[in-house]
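Thanks for sending this one over. Here are my notes, written as numbered points so that you can follow them with the structure open beside you.

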Amino acid sequence: MKLLEVENLNTYFNTSKGQLKAVNGVSFDLEYGEALGMVGESGCGKTTCALSIAKLLPKEGEITGGRILLEGVDLASMPESEIRKKRWKDVSVIFQGAMNALNPVMKVGDQISEAIVLHEKGSKEAAKRRTGEILELVEIPAARGSNYPHEFSGGMKQRAMIAMALACNPKIVIGDEPTTALDVMVQAQILNLLEKIRKEFKMGFILITHDLSILGETCDKIAVMYAGKIVELGTVEDIFERTAHPYTQRLIACFPNIRGEKRIPEGISGSPPNMLALAPGCSFAPRCDRKQACCETLEPVGKQIGEKHFAACHFALGGGAIE
Amino acid sequence: MKKRSLIQKSIYAVITIFAVLVFNYLLFRVLPGDPLSMMMRNPKATPEMIEGMRQLFGLDQPWYVQLYLYFKNLLAGDLGMSFYFKQPVSSVIGARIMPTIIMVGLAEVVAIFAGIIIGLIAAWKRGTRIDVATLGFSLVTYSMPTFWLGMVIVVVFSVNLHLFPTSGILTPGMTYQTTGAMVADYIRHLILPTLTMSIVLIGEYALTMRNTLTDVLSEDYITTAKAKGFDNKYILRKHALPNAMLPMVTLIAINLGLVVGGTVQVETVFSWPGLGSLMYEALRARDYPLLQGVFLLVTVSVVVANFIADITYSYIDPRVKE
Ligand SMILES: Nc1ncnc2c1ncn2[C@@H]1O[C@H](COP(=O)(O)OP(=O)(O)OP(=O)(O)O)[C@@H](O)[C@H]1O
Ligand code: SF4
Ligand SMILES: [Mg+2]
């Protein structure tokens, strides 16, 4: 059985300006110990995807379709009271901007151990001990658990958040830009740490980021999102060496190659579409240099172009022509 | 670290009180009509008597000597003589302080509890009809003129329903068989002014509570707590309230400092013999020493309340400990 299978997930926000299809038919899966990277421009639905899997959507957000199978059990249709038992124990989240994700008036150690007490039903002492261990695991001295968040540096807060996410040995950890606010050294340190822990505990890991370059090093698979859809999905090699989708190509071109010749990264001209009023056809069409007439009327569906390689483009490289 | 900041804060409080005392002193020198002008209006007052008065009040001395004497007397607990009551100011105030503390203090306690609960419900049910209703109630009571509310309450509960007496603190001319009977009579008199005062105060607490709690509930750490699998009640109790109470503590402390000042409006409407009505009487009689004494008490208790708020805050908010 797969650890996680997301099938045709749809998550919409009810806004005052109408329905916003933030996640629009997303499918992927994840094996034990596997890491999936998710990239895409701001607003393409990465966080919404993560919050849907953890069933943490705000009031105005709703999963309107699809299934989220965790070890074969559908979370999408599960009632809140059941979900609560699964949160953190099965799926934990390292939130975007961990700076504010810690309660400022509660000791860091207590914030970790309260979750252990809740899910492991053990004694307070056992939870405390485990908290100390898990803090040491992310290279924070156990004694610092009695500090308050403001006494931690940014990197330490981030690591404390990671420790918290690992506290109940979850099956899946979702990191929503867990390192964005940190300097490169700390970022590398934290990503290495996460990789080590993931492999050791056979944890599934979903890493969300803007930064394609860090995915290559830390992930097994990459999903490229655009306007609420996964436009390309494949192994790291598929994505970087057999790039199929024009958007992925442009994303890769955005990142300077240290070893390559000196040039200014291209950037992607145009801007992401208005998610409230998506035109028919391919959402990337206005920015695409490979587009043909059919792109503006016919929505491309994901098609398999390699063993684990999918792309949603009529003119995906390596695949056939229009179906 | 902690001790140092405590000492530092105490020093600030003392300096503030000193400044307040000087200001208070100067204010009453600047006000039109010194104590003697009242005397001089009395046709029977002879120049010798006036001169005697001048010496008695120390008005023949240079200003710095007067200021020195003022502080010296103050330290000895001597606030001067009340013109109107012909008694030491301290004993006039002493006789009026308890009714105020009981009435306004009780009203504060009621308002704080009710306000916090109302604000909490409103924030929890944000955007629903309950929220709109509590918001409306708070805004209306908050902006309602106090004396008007007092009069409405008198009309409804005393004049129409005959449930409670209209004014005073005990029924005049009544002889009580037991202490219990007296206490009961006191309480019957206490209810309406306390009710009026509470209604006036609830709005501010409810609104502040609602707004801070609404803000806190949208914070990231609340999402974290939810992600950890806690239910709403636990999140509210362990994560939201400790944060939302921080601004409430300041508000409560400052308002408690004002308790001593009583409330001129409510005490006047209900003839409640407290410091608020005393202030009004002193003002009407131009009883400057008495007025000065009441002002002094009020300002000092506000400073002390702020000081206590500061200290409490540093205990409940780890971020301000240093
Ligand atoms: N609570 C909400 N109410 C309405 N719309 C929302 C809400 N949260 C997100 N959206 C919209 O849903 C879309 C996807 O947002 P999401 O936060 O998932 O993007 P993201 O890919 O995580 O972006 P970023 O990289 O900036 O974090 C955006 O268009 C956003 O405006
Ligand atoms: S479907 Fe057409 S417009 Fe869309 S990415 Fe492919 S080529 Fe470009
Ligand atoms: Mg995001």
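This is a predicted model: local features need pLDDT of at least 70, side-chain atom pairs count only at pLDDT 80 or more; totals for chains, interfaces and linings use all residues.

1. From H12(B) come Leu275(B), Leu278(B), Met279(B), Ala282(B) and Leu283(B). They meet Leu290(B), Leu291(B), Val294(B), Phe295(B), Leu297(B) and Val298(B) of H13(B). By residue class, this contact has 11 nonpolar residues, with no polar and no charged ones.

2. Now for the geometry of that pair. H12(B) covers residues 275-284 and H13(B) covers residues 288-316. Their axes come within 9 Å and cross at roughly 145°, and the crossing is left-handed.

3. Stepping back to chain B as a whole, you will find 13 helices and 0 strands. Its pattern along the sequence is accordingly written as α-α-α-α-α-α-α-α-α-α-α-α-α. The C-alpha trace of chain B spans about 85 × 60 × 40 Å along its principal axes.

4. Over in chain A, which residues come nearest to ligand 1? They are Ser42(A), Gly43(A), Lys46(A), Thr47(A) and Thr48(A), out of 17 residues around the ligand. The shell around ligand 1 divides into 8 polar, 6 nonpolar and 3 charged residues.

5. An N or O atom in the side chain of Ser42(A) is 2.5 Å from a ligand oxygen. For Lys46(A), a polar side-chain atom lies 2.8 Å from an oxygen of the ligand.

6. Which elements give two or more residues to the shell around ligand 1? In chain A these are strand E1 (4-15), strand E2 (18-30) and helix H1 (46-53). H1(A) gives the most, with 3 residues.

7. Last, please have a look at ligand 2. Its surroundings comprise 13 residues, the closest being Cys282(A), Cys288(A), Cys295(A), Cys313(A) and His314(A). By class, the shell around ligand 2 has 9 nonpolar, 2 polar and 2 charged residues.

Definitions and conventions:
Residues are numbered from 1 along each chain as its sequence is written. Chains are lettered from A and ligands numbered from 1 in the order in which they are written. Side-chain values use heavy atoms; hydrogens and water are left out. A residue is near a molecule or strand if one of its heavy atoms lies within 4 Å of it. A polar contact is a pair of N or O atoms within 3.5 Å; within protein, one must be able to donate a hydrogen and the other to accept it, and residues adjacent in sequence count only if both atoms are side-chain atoms. Helices (H or I, at least four residues) and strands (E, at least two) are DSSP runs, numbered from the N terminus. Ala, Val, Leu, Ile, Met, Phe, Trp, Tyr, Cys and Pro count as nonpolar, Asp, Glu, Lys and Arg as charged, and the others, Gly among them, as polar. Axes are lines fitted to C-alpha atoms, for helices over the stretch in contact, and angles run from 0 to 180 degrees between N-to-C directions. A crossing is left-handed if the near helix is turned anticlockwise from the far one by less than a right angle, and right-handed if clockwise. Contact means heavy atoms within 4.5 Å.
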